[in-house]
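Hello,

Here is the structure I promised to send over. Please open it alongside this note, so that you can follow the residues as you read.

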Amino acid sequence: MHHHAPDSIPSSVSEEQRFIIQALRPHAPFNQMQPPHLHYLVAHAQQQHFTPGSIVLAPEMGQVQHWFLLIEGTICAQRSAIPDDQAFYLGSGDSFPLVALHEERATRTHYIAQSPCTCLLLPRDAYTQLVQQSEPFRLFMQEGSAVLLD
């Protein structure tokens with residue numbers, strides 16, 4: 001057993017991945033996840049940037065293939081293409097679309113970048129793997145999916 005500090009990051013992790021891990025750490029469930037699971041997450045995810053007003057995810061994109069994790073910026077989640085009073089806002093550490101991902105269907109929500117946004121996109125298979133391996137992650141996703149629109 002190596003005696004690392006609990007939050008030490010292996011040298012195999014790139015600068016960019018290191019930055020992402022630091023950004024996620026303050027947020028649940030990442031603050032409770034074991035380092036190997038966090039590393040799995042950043043190693044399998046791809047970063048994408050969205051300009052303000054651009055569509056991050058919408059029903060017409062078809063069956064959801066990725067779990068989206070917002071690292072930076074604000075996204076408006078709304079039921080139709082036009083914001084209404086049901087719209088809600090997502091910030092750093094929020095993720096989507098939980099229900100659509102579990103049910104293997106398209107989302108029913110339009111996710112629109114409100115500011116320059118950076119998202120991590122984790123392919124569905126890797127997401128499923130992480131749900132199975134990490135209990136804090138699984139519990140958080142189960143609770144989260146009960147609250148959020150999908």
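A word on the source before the details. This is a predicted model, in which local features need pLDDT of at least 70 and side-chain atom pairs count only at pLDDT 80 or more, while totals for chains, interfaces and linings use all residues. Residues are numbered from 1 along each chain as its sequence is written, and side-chain values use heavy atoms, with hydrogens and water left out.

**The core**

The largest nonpolar core has 40 residues. By nonpolar core I mean a set of buried Ala, Val, Leu, Ile, Met, Phe, Trp, Tyr and Cys residues joined through side-chain atoms within 4.5 Å. Buried stands for under 20% relative accessible area, exposed for over 50%, and partly exposed for anything in between (1.4 Å probe, protein chains only). The residues with the most contacts inside this core are Phe30, Leu41, Val56, Trp67, Ile75, Tyr127 and Phe137.

Leaving aside its neighbours within four places in sequence, Ile75 is in contact (heavy atoms within 4.5 Å) with residues including Val56, Leu70, Phe88, Leu90, Phe96, Ile112 and Cys119.

**Aromatic pairs**

Searching the whole structure turns up five aromatic pairs. Rings of Phe, Tyr and Trp (its six-membered ring) pair if their centres lie within 6.5 Å; planes under 30 degrees apart count as stacked, over 60 as edge-to-face and the rest as tilted. One of the pairs is Trp67 with Phe137, edge-to-face at 5.2 Å centre to centre and 85° between the planes. Trp67 lies in strand 3 (residues 66–72) and Phe137 in helix 5 (residues 135–147), so this pair ties together parts that are 70 residues apart in sequence. Helices (H or I, at least four residues) and strands (E, at least two) are DSSP runs, numbered from the N terminus. Trp67 and Phe137 are both buried.

Another pair, Phe68 with Phe96, is stacked, with 5.2 Å centre to centre and 10° between the planes. Here strand 3 supplies Phe68 and strand 6 (residues 95–96) supplies Phe96, so the pair ties together parts that are 28 residues apart in sequence. Phe68 and Phe96 are buried too. Ring pairs also link Trp67, Tyr127 and Phe137 into a cluster.

**Strands and sheets**

Strand 3 is largely enclosed by the rest of the structure, because five of its seven residues are buried. Strand 3 pairs with strand 8 in the antiparallel sense over six bridges; two strands pair if DSSP finds at least two bridges between them. Leu70 has Cys119 as its bridge partner in strand 8. Strand 3 is also joined to strand 6 by two bridges, again antiparallel, and Leu69 stands opposite Ser95 in strand 6.

Elsewhere, an open sheet of four strands has the order 2-7-4-5, with antiparallel pairing. Its edge strands are strand 2 and strand 5 (88–90), each of which pairs on one side only. Strand 2 (residues 55–57) pairs with strand 7 over two bridges, and Leu57 has Tyr111 as its partner there. Four bridges join strand 4 (residues 75–78) to strand 7, where Gln78 is partnered by His110. Strand 7 (residues 110–113) is covered on both faces: His110 and Ile112 are buried on one side, and Tyr111 and Ala113 on the other.

**Helices**

Helix 1 (15–24) has Gln17, Ile20, Ile21 and Leu24 as its buried residues. They cover an arc of only 100° around the axis (taken from the directions from the helix axis to the C-beta atoms), which puts them on the same side of helix 1. The face turned away from that side carries the exposed residues Glu15 and Phe19. The buried residues of helix 1 pack against helix 2, strand 1 (46–50), strand 3 and strand 8.

In helix 2 (residues 35–44), His37, Leu38, His39, Tyr40, Leu41 and Val42 are buried. The buried residues of helix 2 pack against helix 1, strand 3, strand 8 (117–123) and helix 4 (124–133).

In helix 4, the buried residues are Arg124, Ala126, Tyr127, Leu130 and Val131. They cover an arc of only 160°, which puts them on the same side of helix 4. Asp125 and Gln132 are exposed on the face turned away from that buried side.
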